[in-house]
Amino acid sequence: MAKKDNAMKAMKAAKTRQAKASGGGMVRYRKHIFSVFGLLMAMVMLASAFLLLVALMPTFVAFFVDGSKRKMKAVTVGVMNFAGASTYLFELWSHGNSFDAAVTIIADPQAIVVIYAVAAVGYFLDWALTGFFATFIVQRAKARMKVIVERRSELEARWGAEVSGAVPDEGHEDIDELEGASGVAH
Amino acid sequence: MAEDISEEKVAEAAAENSEVQGDESSVADDVGISKDKSRNKNDGTVAYLGDRIEIFCDQFLPDYSVKDNKAFRACSKSNVDEQLFAIVCELKYVPRRRAASDYPSFSSPCLLPFVTRGKIFWPPAQQERYVFIYKDTLGKRVFGKGDGLFKAWKPEMVTDAFVKPMVEMLLGFSERGFFHGGIRADNLFGTVSGDAIEDVMFGDCLSMPASAGQSALFEPIERAMADPVARGNGRPNDDLYSFGVLLIVLMRSYDPLEGMSDDEIIREKIANGSYNALVGKDRFKGDLLELARGILIDNPEHRWDMEDVMAWLDGRRLTPKQAAKNKAASRPFVFCGEEIFHAKALAAVLDKSPTEVAKIVDDEVLDQWLGRALVDDGAMERLFAAKEMARDTIRSSQTYPYLITAFTAHALDQDGPLRFRGLRLMGHGIGSSLHEAMVLKKDLVGFADMFLQSVAIHWANMTQESYVDFSALASKFEACRGHIRQTKVGYGIEKCLYFLEPDTPCLSPIFENRYIASIEDMMLAFEELCVSGHPPRMFLDRHVIAYIHAQDSKVIDSYLYDLNSKDEHEVALANLGCLAGIQKRFKVGKVPGIARYFLNKSSLLLKKFHDRELRDDVKSSMEKYVKSGNLGKIHALLTSSDTINKDFRMFLMAKKEYAALRAEYKRLDEQFDNEKTMGVATGRAIAAAVSAVLAIIVILISTITFYS
């Protein structure tokens, strides 16, 4: 039974490695397309790009500060940051999407404050919710471990030490075959 | 609720015995110890058989005693005037219980009237014994202490008072295949007045193995040469022979064999023939001469049987074959300083020195004597076959001398007993001899080797008596060889004992001081031991298993494998199962003591169940059945396949759950290795989601506001 599990695990790992190998190429390919597309859009919509470049500064900071792989902090700050910048983006578009209008908006301190304040909300959300849920998860895990310990004690009290597998089950030396026959995995 | 059937059976059997007077044919099966068991242990002078027979331990009757089996005065409570006596059997002798079942059906006046039999607590020995109860109608011994073995009675008196009733008695025996084995001078009783005798009667013949009480004088040569306790059941014409010897003793005027030992008497019979040895210089005339000669022919094939005797009685005159003397050699064979002229006589002494036998056989000294002095080609051929039989045994081994002695002796005397390692046994007497050896704690190697080395099988196959089927005996010995080879419980030398001698009680040390005559006795003994607080460590030991297997194999066959297991649980369960089967099959009645014993062993018996709660439930149920003493129900509880399977399935599920919990715990524990970052990724993901939702709301509001 143990040998079977190990073989299956090895197969799974091989498949994952294969998937990663093939998927990694795809990811890198997608990255190049996105970059090229982004540059093209920036060139076409220079004003909007300029506005977003300035407005999304908190996002860029968050991106570089966030050491995790998935960059969830950057996402949290980024979506709020973008929400804050969207009003002014609409305003820019209503003014013909000109570069001058973009500069005027950027030069307006009120605009920057609003945009950055909303981004700050994103920072706050990231800090608060992360802390809250991390604590919640730790406490839940601790509680679960306690429940597990109690349940194991109950099982040992009811079924004896043999249930843990630490003591052989006398009279059922062929328990592995019996378990297999009964369809119960060990 | 099972009732105490066993005690009721005892009471019924005792009630059957109450009508002692005038009902000689009524017989009880084995009657048990008195219901009031306390009486048995406290009285020092009276023993009780059932509730009606009292035996007085201080009233010894030496005249009625049979060798070591002593006789004591007894009486029946229902008929105190009638004189009874009891023969108390020594433990080393196997009483003839099966023969005792047939005995009461014979209605000869020469037979001692039988009353009952059974086991009692015997105060002088402080142990249980088997007893036979008879009516005291014996009169006086015909041959008193110190009397010579001759009476010089007239043939007419002997014919009327002795021969006719005896022949009738022996005819009855012959028709039913019953062997008396106690026809001898010191067992003859009657009323003698002057030259007349009336009411001749023989004493007890059941309390010892057949012919165990006979001296060599009254036994045919081949049976006389066997150990007394090992003679076994004889043939009808063996009783006739004994009768013939007694006939001569009553008629002769002197004892030509006076002062001779048994071996010397045998030697004299071999040399001169039984008739001539017994008669000596006396000369008899008349018809009795013919009868005596006919029934004292040494060759069993030519000896008169009952048909011949009845023909003689009817008046037909048969001429008995001249008692052919055993062939004498022209020169003696010297063995261990003794000069021997006859093959039979030589066979009788060979076992004095097996190493000497090996020498004379290997050096062919014996061959030469057989060929040149005795001129017996048949014996030479048989000797050659004997050497072949022993050929496979390494000559330097310890066994070889014994083997060659046994085979050589049988080659020289085909009718004689099996002679091996100091044992002298007739085939049907091996069981009782083995019993005696076990009781007296003698060496059993001879018996074991006898079967292992096929000595017994060879003896049975080669025995000359062609008119007796020894193939059945050979098959039994073959089975015994198989039993000896097995070391497992239920086999071994113990199995041989109970297989060869069904009348033997169980000799397990568990039943110290008890007499176990049946499986029911055994169960009741177990119950008493448990109730008294001295239960055995485990009920079924080697002796008990072999005993049960020999008595009724069906009740124990299915448990033999588990009884040999090294797992104590399986052994205990097999013990319980077997006893439950016995309780049911033999209708033993409730045994709460035994049930409580198993309850106390519940921790061992319940090991098979994994679920501790189930164990507690089963134990509670067991407690209910303890009071009813029903072992079958307890066994059913412990072996219910539904319960066992369900328990096992649940156990596997619990095991699976335990393994899953252990894996989960391990995973959580690993996460705590980085407690600081634990949950952070999840929190951030949630924050991102919440933030995204808020952002969408903000963007929507902005859009709506802007464009409205």
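Predicted model: local features only at pLDDT ≥ 70, side-chain atom pairs only at ≥ 80, totals over all residues.
Residues are numbered from 1 along each chain as its sequence is written, chains are lettered from A and ligands numbered from 1 in the order in which they are written, and side-chain values use heavy atoms, with hydrogens and water left out.

**Stop 1: confidence along chain A**

Select helix 6 of chain A, where confidence is highest at a mean of 94, then helix 7 of chain A, where the mean is lowest at 51. Helices here are DSSP runs (H or I, at least four residues), numbered from the N terminus. Now pick residues 182-186 of chain A: pLDDT stays under 50 there, and the model gives this stretch 11 contacts beyond four places in sequence. A contact means heavy atoms within 4.5 Å.

**Stop 2: where chain A meets chain B**

Show both chains and select the contact, which takes 49 residues from chain A and 44 residues from chain B. About 4600 Å² is buried between the two chains, with 70% of it from carbon and sulfur atoms; buried area is the accessible area (1.4 Å probe) lost by two parts on being put together, summed over both. Highlight A:M145, A:R158 and A:W159, which supply 16% of the area that chain A buries against chain B, more than any other three residues.

Next, zoom in on A:R151 and B:E657, whose side chains form a salt bridge at 2.6 Å, N to O. Chain A and chain B share 7 salt bridges, each a side-chain nitrogen of Lys or Arg within 4 Å of a carboxyl oxygen of Asp or Glu.

The largest share, 21 residues, comes from helix 6 of chain A.

**Stop 3: helix 22 of chain B**

Move to residues 542-551 of chain B: 7 of the 10 residues of helix 22 are buried, so this helix is largely enclosed by the rest of the structure. Buried means under 20% relative accessible area (1.4 Å probe, protein chains only). Select the buried residues, among them B:H543, B:I545 and B:Y547. Their cover includes helix 16 (430-439), helix 20 (492-500) and helix 24 (568-585) of chain B. Finish at B:D541, which caps the N-terminal end of helix 22 of chain B, with a side-chain oxygen 3.2 Å from the backbone nitrogen of B:H543.

Terms used
Helix = DSSP H or I, 4+ residues; strand = E, 2+ residues; numbered from the N terminus. Buried < 20%, exposed > 50% of the residue type's maximum accessible area, 1.4 Å probe, protein only. Polar contact = N/O pair within 3.5 Å; in protein donor to acceptor, adjacent residues only side chain to side chain. pLDDT = per-residue confidence, 0-100.
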